Amino acid sequence: MAVLENINHHSMMLEPSSINSKHGFISNPNRKSIDSFPQIFFSDGEPWYEANRYAFYRHDDLQKDLKTVSREMTHLARYADWLEEEGLHWLHFPKKKGERCLFKFRGYLIDQRDKGYLAPSTATQTMTSLIAFYRWASATDYAGDRSKLFDDQTKVISFFDKVGFSRTMNVTSSELSIPNRARTGTTLEDGLTPINQASTKTLMAYLSEHRNYELYLMSKVALQTGCRHETVTTLNIDALKNAYPDQMLANIMRVKVGPGTAVETKFDVSGDIYVPQALLSELIEYFNSAEAILRRSKASHSLQRNIFLTSRGNRYTTQTFGTLLHRLKSELIERGHTEFGRFKFHQLRATFGTMLMRALLNTQGMSSLNAIEFVQEAMLHKEPSTTWKYIKFIEKEPVEEKFLDTLWSMFTGSKDQTNQIIEHITSGEMFDNE
């Protein structure tokens, strides 16, 4: 199968007269080196030259940030993998549209979406990325004489500008686009909702088997702290050892994250996350375990303080972490739990936020404004409008109280209590109707 690899990328410039030149090139002093630039390779080891060149064009010429390029290349890698399975070339465009590779792949995406294996937004974004790539390939002549790969049409949309005047805009739409009509109802961050009671029981039961202990711990961190995956995967021992007790909540420690801590956050927000004392001790214990030490023995010097590393001693990139979750979802689906076809790691964060907001709103003397300020700080929300969504969600789509009480006990309880609760969750006792 085709794979998405991260390479070390050093931007070069032609300077044959320089004494530091190598084969006539020197490092470009105006560009930073990148140690994880995405590139696609087929199963025979050959690179997908055109797609890889497109990535450099997006990053170097259009100045797109690395996360955006990596996300786009993930979509192209999905396409490359499908092409290999179908035995098709990316420029297979016979006269009959239904036989063209891009049209067939569109049908495949829709089928995967309808079966629940692919989120509607992912299907839409994948197709959007491919259309953009093919337009670039056509414009740069990489598509050869296949300049008419698919039909575009121009649409006129109306909108109002900032001062209230009516305006129109011409936009180009492709016949290959996959519409994504969001469901009605209240959603939280990134359009997601908390995982429900049944799914949580299933997930915790499966992870408790410790088939992948690191994923078990990372999921536990997300569920009990509300951290995003980039924060979870960059937690380090220094941040944990510098944790300090929270003055308001018993058994809760506060851990600094963001710039200056080497723990990454969205938008580089600085702040403190709330970590249960029992979970903090468990993470430190894992850092000193034989398995963690073995992984660090394969890691570079800059990763020696990380809590979580892959079995090869590498950092969990967006791609490797995504692969880990994809494997988890596939295993759960094979066991008959098809509801995990659209599971997102971020839903664990949404579950934590719902639990925290509800607990605060039920606290005597706690106003809605104070609850919003607390949750905004705990979840490192850049804007309070994001936090407000949790109140709206609780009002319109309340999660079962007993379920959230369980999560709150996990958040504030001791290690023994937490382990007992997890055992109850996996056995189903915690949610049995009395």
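## Helices, strands and the model

Helices (H or I, at least four residues) and strands (E, at least two) are DSSP runs, numbered from the N terminus. This is a predicted model, in which local features need pLDDT of at least 70 and side-chain atom pairs count only at pLDDT 80 or more, while totals for chains, interfaces and linings use all residues. Residues are numbered from 1 along each chain as its sequence is written, and side-chain values use heavy atoms, with hydrogens and water left out.

## Helix H11 and its surroundings

After H11 comes Gly-336, which has a positive phi near 100 degrees.

The buried residues of this helix (buried meaning under 20% relative accessible area, exposed over 50% and partly exposed in between, with a 1.4 Å probe and protein chains only) are Phe-321, Leu-324, Leu-325, Leu-328, Lys-329, Leu-332 and Ile-333. An α-helix has 3.6 residues a turn, so residues three or four places apart point the same way.

## Helix H5

Helix H5 runs over residues 197-207, and its own buried residues are Ser-199, Thr-200, Thr-202, Leu-203, Met-204, Tyr-206 and Leu-207. The N-terminal end of H5 is capped by Asn-196, which has a side-chain oxygen 2.7 Å from the backbone nitrogen of Ser-199.

## Salt bridges

The structure holds twelve salt bridges, each being a side-chain nitrogen of Lys or Arg within 4 Å of a carboxyl oxygen of Asp or Glu. One of them joins the side chains of Glu-72 and Arg-58 at 2.6 Å, N to O. This pair links distant parts of the chain, since Glu-72 belongs to helix H2 (residues 66-86) and Arg-58 to helix H1 (residues 49-61), 14 residues apart; both Glu-72 and Arg-58 are buried.

Arg-254 forms a salt bridge with Asp-246 (3.6 Å, N to O) and another with Asp-272 (3.9 Å, N to O). Arg-254 lies in strand E8 (residues 252-257) and Asp-272 in strand E9 (residues 271-276), so their pair ties together parts that are 18 residues apart in sequence. Asp-246 and Arg-254 are buried, as is Asp-272. A network of salt bridges links Asp-246, Arg-254, Lys-256, Asp-272 and Glu-377.

## Aromatic rings

Rings of Phe, Tyr and Trp (its six-membered ring) pair if their centres lie within 6.5 Å, with planes under 30 degrees apart counted as stacked, over 60 as edge-to-face and the rest as tilted; by this rule there are 29 aromatic pairs. The pair of Trp-48 and Tyr-79 is tilted, because the ring centres are 6.2 Å apart and the planes stand at 45 degrees. Trp-48 lies in the loop between strand E4 (34-41) and H1, and Tyr-79 in helix H2, so the pair ties together parts that are 31 residues apart in sequence. Trp-48 is buried at a relative accessible area of 1%, and Tyr-79 is buried at 0%.

The pair of Tyr-54 and Trp-136 is also tilted, with ring centres 5.2 Å apart and planes at 55 degrees. Tyr-54 lies in helix H1 and Trp-136 in helix H4 (residues 120-139), so this pair ties together parts that are 82 residues apart in sequence.

Key. A polar contact is a pair of N or O atoms within 3.5 Å; within protein, one must be able to donate a hydrogen and the other to accept it, and residues adjacent in sequence count only if both atoms are side-chain atoms.
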